[in-house]
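The entries below follow the order in which I looked things up.

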Amino acid sequence: MEGTSLPERSRRVAEALEAFGARNRVRELPASTRTAAEAARALGCEVGAIANSLVFMADDGPLLVMTSGRHRVDVALLAERLGRRRIRRAEPEEVRAATGQVIGGVAPVGHPAPVETVVDTALEEYPRLWAAGGTPHTVFPTDYAELLKMTDGVPLAVN
Ligand code: 5CA
């Protein structure tokens with residue numbers, strides 16, 4: 001059956017995608033997809049079409065920001081737009097606690113519990129996006145509308 005040879009963290013993502021009714025499947029690549037630049041190279045797409053899953057701590061809780069690979073998140077601006085006092089980059093341990101995944105492989109879904117999510121409006125420009133599939137060697141194709149729906153995300157300009 002498709003997907004049975006995926007690493008366990010990716011199987012969780014694959015199950016979440018299936019449960020959501022997504023059309024696309026998680027795939028494992030021989031090359032590293034740890035960063036947006038590496039993923040774009042491995043996939044032969046523009047770096048802006050990589051949907052990075054960046055984890056922040058917003059006041060006390062985790063916040064997932066799905067960001068175009070060509071953007072840096074402006075945390076002060078994001079805090080202002082979301083009405084939070086302080087937003088900072090999560091530590092590796094905080095990322096793992098919130099998502100069950102490690103930095104470089106964080107997916108938009110497949111987490112132990114739903115994580116509040118913002119989706120960068122810049123991602124709307126790309127008809128096909130690629131997001132991480134739970135490990136630094138797995139990805140899946142998606143699009144802006146699907147990403148918003150699967151994450152129950154809030155669309156926001158992040159810089
Ligand atoms: N697999 C790709 C997308 S297909 C990916 O996960 N890209 S990413 O951008 O979401 O994840 C890598 C990012 O993790 C880097 O861009 C970097 O911003 C962030 N990162 C790397 N090291 C740390 C760290 N020590 N603490 C917090 N964030 C980190």
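**Ligand and pocket**

I sorted the shell around the ligand by class and found seven nonpolar, five polar and two charged residues; Ala, Val, Leu, Ile, Met, Phe, Trp, Tyr, Cys and Pro count as nonpolar, Asp, Glu, Lys and Arg as charged, and the others, Gly among them, as polar. I note that this is a predicted model, in which local features need pLDDT of at least 70 and side-chain atom pairs pLDDT 80 or more, while totals for chains, interfaces and linings use all residues. Residues are numbered from 1 along each chain as its sequence is written, and side-chain values use heavy atoms, without hydrogens and water.

I looked up the neighbours next: 14 residues surround the ligand, and Thr33, Arg34, Asn52, Arg89 and Gly104 are the closest (a heavy atom within 4 Å). Strand 2, residues 50–58, supplies the largest share of this shell, four residues (strands are DSSP runs of E, at least two residues, numbered from the N terminus).

I then examined individual atoms. A polar side-chain atom of asparagine 52 is 2.9 Å from a ligand nitrogen. For glycine 104, a polar backbone atom lies 2.9 Å from a nitrogen atom of the ligand. The protein buries 73% of the 610 Å² that the ligand exposes when taken alone (Shrake-Rupley method, 1.4 Å probe).

Where does the ligand sit? I found it in the largest pocket (more than half of its atoms within 2 Å of the grid points; a pocket is an open set on a 1 Å grid over the protein atoms alone, where a 1.4 Å probe fits, with protein on both sides within 12 Å along at least five of seven lines, and lining residues have an atom within 4 Å of a point). Strand 2 gives the most to the lining of this pocket, six residues.

Terms used. A polar contact is a pair of N or O atoms within 3.5 Å; within protein, one must be able to donate a hydrogen and the other to accept it, and residues adjacent in sequence count only if both atoms are side-chain atoms.
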